[in-house]
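Subject: Structure handover

Hello,

Here is the structure I promised. Please open it beside this email.

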Amino acid sequence: MCVASFDFGLLSTGDRELYTQQAVVFIEDAIQYRSINHRVDASSLRMYRWYYSRICQWGLGLTIVVVLLLAFVERPSSLSVSSDPRHRSPSWEPPCGFTESIEMVCLLIFCLDLAVKSYLIGWEEFRKNKWLIGYSVIISVSVIDWVLSVSMVCDEKLRVRRLLRPFFLLQNSSLMKKTLKCIKRTLPEIARYLTPLYRQACLGSTASLLLTLFNINHKCGKWELHFRNLPNSLTSLLVLLTTANNPDVMIPAYSLNRGYSIFFVAFSVIGTYCLMNLLTAIIYNQFRGYLLMSVQTSIIRRRLGIRAAFQVLSCLGPGEATEAVNQNFLLVYCNSFLLYCSCQEVQHYADVGYMDCEQFRKIFDELDKDRIKEHPPLPQYSSPVLQRLQVIFSHYYLTVLGNAVALANVICICTVLVLNSEKSTTERDNYVLEIINLCFILYYLLEMSVKIFAFSWRGYLSYRNNIFDGFLTILLVSVGDDSIGQHADCLPLPAHHPRYQGGQQAAVK
């Protein structure tokens, strides 16, 4: 039985570092469901990890966003505040070379991206990858079109590279690639099924045209709007399959004779409720089958990565393990987003010195488990009274009570607004409404305080609903203080107040 050993005594320091680096990369490939068909020498592995780092991937995504947003500011640009031509201000016309310079920077980044990918996977894999071949073609056409645009001083009539820019988004998104592959696999089934649907629409349009020519044309002119000729009839019935023009198509004939509704009802039942639903089922079935294949491919990639990491670390010969190698191997797992319990298992095997293939695989089963967010522990109070209050205030029913109070607050506000809707501004009395709002704000403030007491600050902020409730409570308190201050300024002053006497004297003068 071949086992993965931590004993690298017979290997040189460089070889130990290389094997450890390879194991790290293979494990990261397994976690991210990436292919392991790439170069594994030391310099290539460093470039590979640099390329798939978060900074580089975010930079590439930002470049794609910038090159797609250039269409909004390039000439001719229709970007304006208002879409009404009468109120639209003259659009900004960038000088020639401004957007072209930004685009060239983006194209250079795409060229670098293509060069790095091609180098990492090698020429053999590059020839098999149709997306990378298309990527190189799109970049070449874009560069040629950019050169032509600059040579014509931005006075060209057609920019081909604008039509090709969405490809950069498709090529960089694995989800987009899977969607397009699924659509490609689904199109033959859809095309084979659309034949009876189109046949039914043709027969229906022919029948409706016959009704127009022999029965209704001399009585109802509105019928000609939808069934004037065969192409018009076919278009109207194809739209009827989606129920977009129902019952407008049927009304002119139905107003003359109710018997004509039999034709439309039969057409809708067969086309809309049978054939269209069957088409939806076929599309769903094809997508589900491809989704299953995609999941299987991802699982196979993960197992290949785990197996490759095991093979790198296995059968290296006997020797005396060093503490640095053990710690470095533990970092392979702990830095690969595994749970803490897995790191403890790895520590156990590191103390033993080896693990077999099954044990090695079981450690990575933690990746398939859902992670449960653990909230900070509740604070410990020594007083029995505080402990009892903590149990009460941390109970779920307190949240239910808070939701009920919020609902009552909304009902009260709506009731007052309805009662004041028919009154003028001078007749409205907002004093009662402000008192009600003050009572609710005090309750929200009390609820936030007792929850902080029961959960502590860290525990309170670990719940998203508490963050939202706390933000609204602070906002209501600040707005309520301003409203009370404004209301206090409007209150009548007593006769003995100095401000009242000064106001009277100013009025007399």
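Predicted model: local features only at pLDDT ≥ 70, side-chain atom pairs only at ≥ 80, totals over all residues.

Residues count from 1 along each chain as its sequence is written, and side-chain values use heavy atoms, without hydrogens and water.

Start with the largest pocket. It holds about 2,100 Å³ of space. (A pocket is an open set of points on a 1 Å grid over the protein atoms alone, where a 1.4 Å probe fits, with protein on both sides within 12 Å along at least five of seven lines; lining residues have an atom within 4 Å of a point.) The lining has 44 residues, and Arg 34, Tyr 52, Ser 174, Lys 177 and Arg 301 are the closest to the centre. Domain 1 (53–79 + 93–172) and domain 2 (181–293) each give at least three residues to this lining. These bounds come from an automatic or database assignment.

Now the helices (DSSP runs of H or I, at least four residues). H17 has a kink of about 105 degrees centred on Phe 455. (A bend is the angle between axes fitted to the seven residues ending at a residue and the seven starting there.)

Last, the record. An unreviewed UniProt entry places "transmembrane region" at spans including 55–73 and 396–419. Such annotations may be inferred rather than shown by experiment. In the model, 55–73 is 79% helix, and 396–419 is 100% helix.

Best wishes

Notes: Points joined across faces, edges and corners; volume = space filled by probe spheres on them. Helix = DSSP H or I, 4+ residues; strand = E, 2+ residues; numbered from the N terminus.
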